[in-house]
Number of protein chains: 4
Amino acid sequence: MTIDTAARPKTTLDRMWAIEKSKAEPGLWRIETRVPTAGPRDVRIRVTAFAICGTDLHIVDWDRWAASRIKPPLVFGHEFTGIVDSVGAEVTSVAPGDRVTGETHVYCGLCYACRRGLQHLCQQLEILGVDRQGAFADYVVLPEQNVWKLHPSIPEEIAAVHDPLGNAVHTALAGPVAGLRFAVFGCGPIGCFAVGVLKASGAAWVAAVDKNPIRLKLAERMGADLTVNVETDPVVKRILEGTHGRGVDGMLEMSGHPGAFRDGFEVLANGGRVSLLGIPSKPLEIDIAKEVIFRGATVQGINGRLIFDTWYRMESLLLSGKLDVRPVLTHVMGWSDFEEAVGLQRSGKAGKIVLKRDHP
Amino acid sequence: MTIDTAARPKTTLDRMWAIEKSKAEPGLWRIETRVPTAGPRDVRIRVTAFAICGTDLHIVDWDRWAASRIKPPLVFGHEFTGIVDSVGAEVTSVAPGDRVTGETHVYCGLCYACRRGLQHLCQQLEILGVDRQGAFADYVVLPEQNVWKLHPSIPEEIAAVHDPLGNAVHTALAGPVAGLRFAVFGCGPIGCFAVGVLKASGAAWVAAVDKNPIRLKLAERMGADLTVNVETDPVVKRILEGTHGRGVDGMLEMSGHPGAFRDGFEVLANGGRVSLLGIPSKPLEIDIAKEVIFRGATVQGINGRLIFDTWYRMESLLLSGKLDVRPVLTHVMGWSDFEEAVGLQRSGKAGKIVLKRDHP
Amino acid sequence: MTIDTAARPKTTLDRMWAIEKSKAEPGLWRIETRVPTAGPRDVRIRVTAFAICGTDLHIVDWDRWAASRIKPPLVFGHEFTGIVDSVGAEVTSVAPGDRVTGETHVYCGLCYACRRGLQHLCQQLEILGVDRQGAFADYVVLPEQNVWKLHPSIPEEIAAVHDPLGNAVHTALAGPVAGLRFAVFGCGPIGCFAVGVLKASGAAWVAAVDKNPIRLKLAERMGADLTVNVETDPVVKRILEGTHGRGVDGMLEMSGHPGAFRDGFEVLANGGRVSLLGIPSKPLEIDIAKEVIFRGATVQGINGRLIFDTWYRMESLLLSGKLDVRPVLTHVMGWSDFEEAVGLQRSGKAGKIVLKRDHP
Amino acid sequence: MTIDTAARPKTTLDRMWAIEKSKAEPGLWRIETRVPTAGPRDVRIRVTAFAICGTDLHIVDWDRWAASRIKPPLVFGHEFTGIVDSVGAEVTSVAPGDRVTGETHVYCGLCYACRRGLQHLCQQLEILGVDRQGAFADYVVLPEQNVWKLHPSIPEEIAAVHDPLGNAVHTALAGPVAGLRFAVFGCGPIGCFAVGVLKASGAAWVAAVDKNPIRLKLAERMGADLTVNVETDPVVKRILEGTHGRGVDGMLEMSGHPGAFRDGFEVLANGGRVSLLGIPSKPLEIDIAKEVIFRGATVQGINGRLIFDTWYRMESLLLSGKLDVRPVLTHVMGWSDFEEAVGLQRSGKAGKIVLKRDHP
């Protein structure tokens with residue numbers, strides 16, 4: 001990783017600090033760049049805190065996916081919160097000074113998917129910080145339709161992680177939950193969030209599976225009834241025991257790991273649902289006959305968040321006190337600690353790291 | 001109410017104690033009668049505890065509904081638990097000594113409704129203690145298909161109320177709950193149970209409405225975020241305030257009272273669901289255009305329990321500790337206190353009264 | 001009905017012909033008025049044909065509903081088709097010359113309903129020709145988000161009735177249809193359309209109910225397997241016979257008539273669905289216990305059209321040849337025949353009347 | 001294939017003709033064996049016609065699946081129709097002389113799956129002619145709960161194929177159909193049936209894909225709007241052209257072929273459904289990220305038939321005339337032609353072959 005440490009915060013009227021993928025190679029660059037301008041239907045937000053997603057690590061590392069998708073130079077980052085700085089002439093729903101965050105799937109509103117209520121699957125989808133200038137910066141611009149006004153009781157560090165928390169809410173609530181049993185494969189931040197959402201939504205029993213003891217501990221703090229370490233425990237056996245041989249009613253895949261696909265179907269009760277959010281790095285072999293057909297399984301591809309059904313339900317779960325995600329927010333750091341935060345995230349020793357603005 | 005107090009427990013090999021509607025007139029009769037016999041697919045259960053339902057009060061009072069439906073002599077009662085005493089030759093899923101309760105909707109399994117998975121709406125439905133000999137007795141007989149084997153951790157007093165608790169679970173879980181807002185009209189035992197089920201299932205906010213302060217207190221103990229007394233509080237105003245003007249996503253009607261239909265729709269958000277369990281005593285006037293059509297409401301008639309989907313989810317909610325119904329179980333009495341229990345239930349000063357066997 | 005027949009077509013650059021409710025009293029007025037101007041996100045359409053809805057008759061008659069909702073002066077009318085005349089600066093999905101019609105529910109896109117995909121139930125809903133200037137005119141303006149571009153194979157007279165046809169598609173497809181039995185109460189144009197949509201969608205059997213023999217004939221031409229005249233036939237008996245005693249799986253209410261609510265529930269199989277589109281003129285008495293609860297019915301309030309899911313499915317049904325609505329389009333007239341068309345519509349002797357532009 | 005041609009029909013009071021897998025090796029044996037006896041809840045049926053399924057060919061061939069599942073000696077065959085010969089003492093819904101066929105998934109009724117309405121996914125499932133004595137015989141026994149009484153208007157050759165036709169109905173109706181576009185991969189009899197069910201249910205457009213021109217012709221006769229030969233046509237290109245680039249709303253997989261999984265996802269619109277019935281012979285590689293997750297697809301494992309929801313809808317589609325399956329029933333032969341029929345089925349030159357009883 002090559003890091004240009006020369007750039008320092010010196011936000012002026014039209015210049016700002018940002019973290020950029022400047023070249024098509026591994027590394028990240030702290031830069032000074034123009035403050036983005038907003039069109040008539042856009043909202044410009046002064047970012048106050050952001051968080052680092054696994055996607056951002058792929059961009060820093062410049063892996064196969066990043067190289068095929070990202071067009072440098074690009075300010076990246078999409079998990080953020082801030083204060084509305086200015087709004088376009090036609091914007092009516094928010095005003096300067098409002099605390100906001102945003103839905104990062106910028107949708108066209110006019111394609112076949114959008115016009116049937118599937119905006120999160122828009123055929124012209126642009127993802128913030130991936131396909132358009134992102135949020136690791138003093139300012140970020142979003143269309144009004146993507147801006148989410150925060151309730152005053154939502155703390156800043158939680159506001160900064162609404163995007164991944166929304167992934168967890170979308171996945172967990174993609175079918176009935178109350179009085180049912182679940183297994184969550186992968187205990188990164190979204191997996192841990194999902195454990196919390198399931199338990200808040202009446203899941204009777206939730207198993208959490210990972211290989212990292214620190215993450216399993218976080219899942220336990222989020223309410224997991226059983227944690228299983230894939231490196232030391234027989235996953236299928238433990239989950240079948242925990243469900244008295246009945247298996248789970250739902251499996252949430254948050255790891256992208258082939259082993260999770262193998263074990264996850266194995267513990268699924270007939271007629272159960274499988275909700276896939278974790279992105280496998282390559283095609284996987286699946287025993288369709290045994291795992292999907294004879295089991296009568298329903299397998300759902302989950303992407304983004306329902307706009308804004310997921311957001312309303314997420315907000316309500318948070319405000320009601322049903323869902324407390326603070327155990328997952330293991331570190332709060334400053335923007336000047338960006339590289340350190342990246343390293344910490346990579347180490348697997350952190351849950352979610354929130355970085356707060358530490359320059360004027 | 002005419003009560004024959006002469007009969008005393010003297011269960012012999014083939015004689016048993018029971019509470020009967022002996023004549024087509026108000027009153028109840030304690031009798032001694034033959035122990036019922038079980039066919040090859042039946043299970044005979046030695047009752048250990050039972051509870052009194054509103055339906056039982058109608059039978060005692062011999063109101064219009066009872067007079068049109070009940071054919072005396074009839075041992076009534078349908079909320080119960082007990083121990084399997086004997087099983088028919090073809091019964092395989094339970095054995096003498098098993099702790100059980102039962103689904104009181106005895107279905108044919110062969111009609112159009114049953115054969116499409118709607119056994120609770122069977123066209124030849126026989127309800128225990130209404131259309132066939134009931135459970136206020138030393139012994140009760142049910143077909144194997146209706147018997148529910150209890151988990152060892154379910155206490156007897158909760159086992160005795162699985163029927164009304166199942167009504168609440170069925171009603172509450174008839175649509176999405178997590179992260180949504182609800183109003184429950186009617187805080188009798190089922191209404192109070194429903195408040196608990198909603199909260200256990202991730203409801204973000206639940207208002208409970210009744211005129212009886214004791215019942216409202218129970219609803220509060222079950223987790224209601226707002227209690228509204230229809231006799232002293234402006235119901236619509238209070239609920240709209242509590243939902244910041246947005247209204248509730250779901251309304252559960254557990255009272256059968258006309259006012260609940262009026263106010264309940266009024267506080268419903270567009271596109272919301274209305275789940276009707278409470279039985280109005282006569283036809284009601286409804287402003288279909290305003291309340292149902294322009295609101296885009298979905299109104300569900302709820303009856304019985306899904307067989308056995310509701311039961312599995314109820315059991316799981318109880319065993320997980322998510323749902324604690326004990327605040328509603330305000331009194332435990334003995335079978336010899338039956339008339340006193342009827343009076344107490346009628347007084348509105350009790351939640352659910354469980355009566356335990358107090359003779360050998 | 002007072003009609004001002006003085007106005008004649010003399011569309012100039014900025015003046016146009018229109019039908020207006022000019023005063024708060026019965027009647028309609030042909031006027032000359034300013035051509036409406038379009039904002040940056042709007043589309044101005046040169047109307048080429050329109051149709052008269054029951055709502056328009058209420059407006060002409062100035063009944064209780066009209067008097068409470070309409071603010072004169074108002075150009076009314078909302079069933080139309082035309083050619084894009086000009087578009088605002090931000091419009092991208094249509095261009096001058098495109099053949100279009102439009103979704104008449106103009107939604108805000110920002111309220112709780114809209115943001116969860118229920119735009120047709122928008123809390124700030126403005127209906128074209130009811131709450132804002134309508135389509136009985138040379139030109140009409142709609143926001144881009146409401147404009148529907150027509151496939152070249154859709155004929156003009158069918159394009160002009162997409163609004164009511166969409167009501168029928170929304171109502172009919174609000175639940176499973178294929179291999180099920182239905183009753184449609186009310187055989188006005190939407191009821192007749194609904195019969196056609198049900199049959200095109202695999203309904204195994206459809207009964208159509210009305211008191212008007214002409215309309216029943218149209219329903220039969222749209223594919224009804226049984227037509228029942230409420231004035232001469234025993235509705236419940238005929239439908240139960242036709243379903244071999246089983247009842248219908250779904251009931252579509254398109255009349256608003258109290259008798260339909262009474263008979264419609266009576267013929268519904270347990271667990272059936274009731275989809276309500278017809279607007280009763282006043283509150284109705286319903287036996288909730290018997291008709292909704294014990295039957296386990298699901299009653300849906302249907303309003304408008306799903307935006308645009310209903311539209312895509314409507315278009316596909318039309319283009320595939322599955323759905324042929326021409327039998328319902330009994331008359332094609334000219335704009336100069338407007339009053340005659342109103343009279344004909346009122347007489348009950350017409351299905352849908354399409355009026356084509358007959359001045360330059 | 002080893003065939004013992006010695007056995008000839010000589011049904012006596014307790015002896016009958018049957019086709020058996022007598023030994024754990026390739027081949028089929030015509031045998032004389034005892035007429036099966038029926039328990040108190042069973043129905044004995046005198047078979048009048050049956051049909052050969054792909055599963056039967058696997059059993060004859062003694063492939064890997066057959067060797068692992070079948071325990072010889074076994075009378076196989078499960079697609080059949082006949083006349084009730086005798087019924088057990090407790091049977092009430094059918095009587096000797098009734099024309100019937102049967103649901104071949106014999107379920108326990110007491111497991112977790114069965115008790116939640118998923119009998120077709122019973123955990124103790126026994127399939128007729130696979131796990132218990134089958135229908136290629138003079139008589140077959142089924143539990144009353146599995147017997148389906150035929151409407152007098154259903155012809156015998158269609159009655160004999162209710163099992164595979166039910167697979168097609170279950171798969172096609174596992175989601176919305178009317179006004180939507182579909183692709184069916186695999187045009188064996190079930191695939192061809194599915195094309196017919198989709199079209200009868202309002203599908204706006206259906207593409208059928210296979211490599212066999214005879215089967216593609218049958219699909220066309222069942223209503224396919226486009227047929228694509230995988231060996232000569234570019235599948236993805238043709239289907240995208242046919243849907244104007246939009247892709248299909250649903251994909252039905254009836255072939256089990258890896259290529260269908262590859263192409264089928266490729267032509268799926270975002271948010272579409274994939275219904276899998278065809279059994280792949282081994283695990284398949286799937287690009288989960290691209291095909292399922294980013295597409296927001298829902299993938300359903302389909303097995304058997306919904307008991308009896310599928311059956312009622314199948315019957316209604318047939319009786320209404322909406323669904324005509326006769327083009328698929330290419331051959332009617334006699335039981336004495338069994339080996340010839342097996343060969344014909346194998347050749348790919350037949351649709352479905354129905355074999356009628358040709359001995360007394």
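Predicted model: local features only at pLDDT ≥ 70, side-chain atom pairs only at ≥ 80, totals over all residues.
Q: How many salt bridges are counted between chain B and chain D?
A: The count is two. You can look up a salt bridge from B:Arg41 to D:Glu90, where the closest N and O atoms are 3.2 Å apart.

Q: How do I read the size of an interface?
A: The size is often given as the accessible area lost when the parts come together. For chain B and chain D, about 1,500 Å² is buried between them, and 47% of that lies on carbon and sulfur atoms. Three residues, B:Arg41, B:Arg115 and B:Tyr312, supply 42% of the area that chain B buries against chain D, more than any other three residues.

Q: How are two copies of a chain related to each other?
A: In general, two copies are related by a rotation about an axis and a shift along it. Here, chain B is superposed on chain D by a rotation of 180° with 0.0 Å of shift along the axis, at an RMSD of 0.0 Å. That is the relation of a two-fold axis. To find the axis in the model, look at B:Gly117, the residue of chain B that comes closest to it, with its C-alpha at 2.8 Å.

Q: Why can we say that the copies B and D meet through the same surface?
A: Because 100% of the interface residues of chain B are also interface residues in chain D. The contact takes 19 residues from chain B and 19 residues from chain D.

Q: What does the interface of chain D and chain A look like in numbers?
A: There, 37 residues of chain D meet 37 residues of chain A. Together the two chains bury about 2,900 Å², with 64% of it on carbon and sulfur atoms. D:Tyr112, D:Asn270 and D:Ile293 supply 21% of the area that chain D buries against chain A, more than any other three residues.

Q: Which polar features cross the interface of chain D and chain A?
A: Two salt bridges are found across this interface, and one of them joins the side chains of A:Asp249 and D:Arg116 at 3.9 Å, N to O. There are also 11 residue pairs in polar contact, both at pLDDT 80 or more. On the chain D side, β16 (268-276), β17 (284-286), α9 (288-293) and β18 (298-301) each supply at least two residues. The residues of that side divide into 22 nonpolar, nine polar and six charged.

Q: Which strand of chain D is joined to β17 of chain A?
A: Strand β17 (residues 284-286) of chain A is joined by three bridges to β17(D), and the two run antiparallel. Within this pairing, A:Leu284 stands opposite D:Ile286.

Q: What does β7 of chain D pair with?
A: β7(D) (residues 99-102) pairs with β6 (residues 79-87) of chain D in the antiparallel sense over two bridges, with D:Val100 as the bridge partner of D:Gly82. β7(D) also pairs with β11 (residues 147-149) of chain D, antiparallel over three bridges. In that pairing, D:Thr101 stands opposite D:Trp148.

Definitions and conventions. Residues numbered from 1 in each chain as written. Chains lettered and ligands numbered in written order. Heavy atoms only, no water. Least-squares fit on C-alpha atoms with pLDDT ≥ 70 in both. Contact = heavy atoms within 4.5 Å. Buried area = accessible area lost by both parts, 1.4 Å probe. Salt bridge = Lys/Arg side-chain N within 4 Å of Asp/Glu carboxyl O. Polar contact = N/O pair within 3.5 Å; in protein donor to acceptor, adjacent residues only side chain to side chain. Helix = DSSP H or I, 4+ residues; strand = E, 2+ residues; numbered from the N terminus. Nonpolar A, V, L, I, M, F, W, Y, C, P; charged D, E, K, R; others polar. Pairing = 2+ DSSP bridges.
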